[in-house]
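This report describes the secondary structure, the packing and the aromatic pairs of the structure shown below.

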Amino acid sequence: MKSSYTICYTSIANTIKQHEIENIFEKTYKHNRDFEIKGILLYSNETNRFFQVLEGEKQKVVELYEEKILKDFRHYEIVEVFHRSTSKPIFGKYSTSFNIIKTYDDLNKIREYLNKYKYSKPNSEEVLRLLEPFYIFYS
């Protein structure tokens, strides 16, 4: 059985235009779908901040994080929230693919899901708490 691994981080974007954000979203979605990595990605124009949760096979998730995300010049001040194995992935039952959060409705669906599973999935409560500031900017 493949081990499940979760990495959650937040970072600040360098000066970036909206079309570049859309490009990041598109490439992230395709890559993570192709490599069977689940999770979410958010960006706030107001705070210029990314928030991402990656889940999947440890080797794939760690390699993506260390070889691409940490070396990406488009963001800085990357703060790891957690970087660990898990027996119950947060987004294992959410959908069949990686999720890009672009609207308040998208964010609200994630909130409802996390509230439903916050006591049965490790890290769910922490992610739910970390998403709260995004509600201000997505509403």
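## Basis of the description

Contact, as used throughout, means heavy atoms within 4.5 Å. Helices (H or I, at least four residues) and strands (E, at least two) are DSSP runs, numbered from the N terminus. This is a predicted model, in which local features need pLDDT of at least 70 and side-chain atom pairs count only at pLDDT 80 or more, while totals for chains, interfaces and linings use all residues. Residues are numbered from 1 along each chain as its sequence is written, and side-chain values use heavy atoms, with hydrogens and water left out.

## Helix α1

Helix α1 comprises 17 residues, 18-34. At 1.5 Å a residue it should span 24 Å, and its end C-alpha atoms are 24 Å apart, which agrees; the expected span is 1.5 Å times one less than the number of residues. After α1 comes Glu36, whose phi is positive, near 55°.

Residues are classed by relative accessible area (buried under 20%, exposed over 50%, partly exposed in between; 1.4 Å probe, protein chains only). The buried residues of α1 are Ile21, Ile24, Phe25, Thr28 and Asn32. They cover an arc of only 100° around the axis, which puts them on the same side of α1; the arc is that of the directions from the helix axis to the C-beta atoms. The face turned away from this buried side carries the exposed residues His19, Lys27 and Asp34. The cover over the buried residues of α1 includes β2 (38-44), β3 (49-57), α2 (58-69) and β5 (98-101).

Thr28 belongs to helix α1 and counts as buried at 16% relative accessibility. Leaving aside neighbours within four places in sequence, Thr28 is in contact with Leu41, Gln52, Phe98 and Ile100.

## The sheet and its helices

Five strands form an open sheet in the order β4-β1-β3-β2-β5, with mixed pairing. Its edge strands are β4 (75-86) and β5, each of which pairs on one side only. From one strand to the next the twist averages 15°. Two strands are taken to pair if DSSP finds at least two bridges between them. Strand β1 (residues 4-13) and β4 pair in the antiparallel sense over nine bridges. In β4, Ser85 is the bridge partner of Tyr5.

Helix α1 packs on the sheet, touching β2, β3 and β5, and its direction makes about 165° with that of β5. Helix α2 also packs on the sheet, touching β1, β3 and β4, and its direction makes about 150° with that of β3. For these angles, axes are lines fitted to C-alpha atoms, for helices over the stretch in contact, and angles run from 0 to 180 degrees between N-to-C directions.

## Aromatic pairs

Rings of Phe, Tyr and Trp (its six-membered ring) pair if their centres lie within 6.5 Å; planes under 30 degrees apart count as stacked, over 60 as edge-to-face and the rest as tilted. By this rule the count comes to five aromatic pairs. The rings of Tyr9 and Tyr65 have centres 5.7 Å apart and planes at 50°, so the pair is tilted. Tyr9 lies in strand β1 and Tyr65 in helix α2, so the pair ties together parts that are 56 residues apart in sequence. Tyr9 is buried, with a relative accessible area of 4%, and Tyr65 counts as buried at 1%.

The rings of Tyr113 and Tyr117 form a tilted pair, because their centres are 4.9 Å apart and their planes lie at 50°. Being four residues apart in helix α3 (residues 104-117), Tyr113 and Tyr117 are separated by about one helical turn. Tyr113 is buried at 7% relative accessibility, and Tyr117 is buried at 17%. Together with Phe91, Tyr113 and Tyr117 form one aromatic cluster.

Leu114 is found in helix α3 and counts as buried, at 0% relative accessibility. The C-alpha atoms of Leu114 and Val127, 13 residues apart along the chain, are separated by 8.0 Å.

Ser124 is found in helix α4 (residues 124-138). Ser124 counts as buried, also at 0% relative accessibility. Not counting residues up to four places away in sequence, Ser124 touches Ile90, Leu114, Tyr117 and Lys118.
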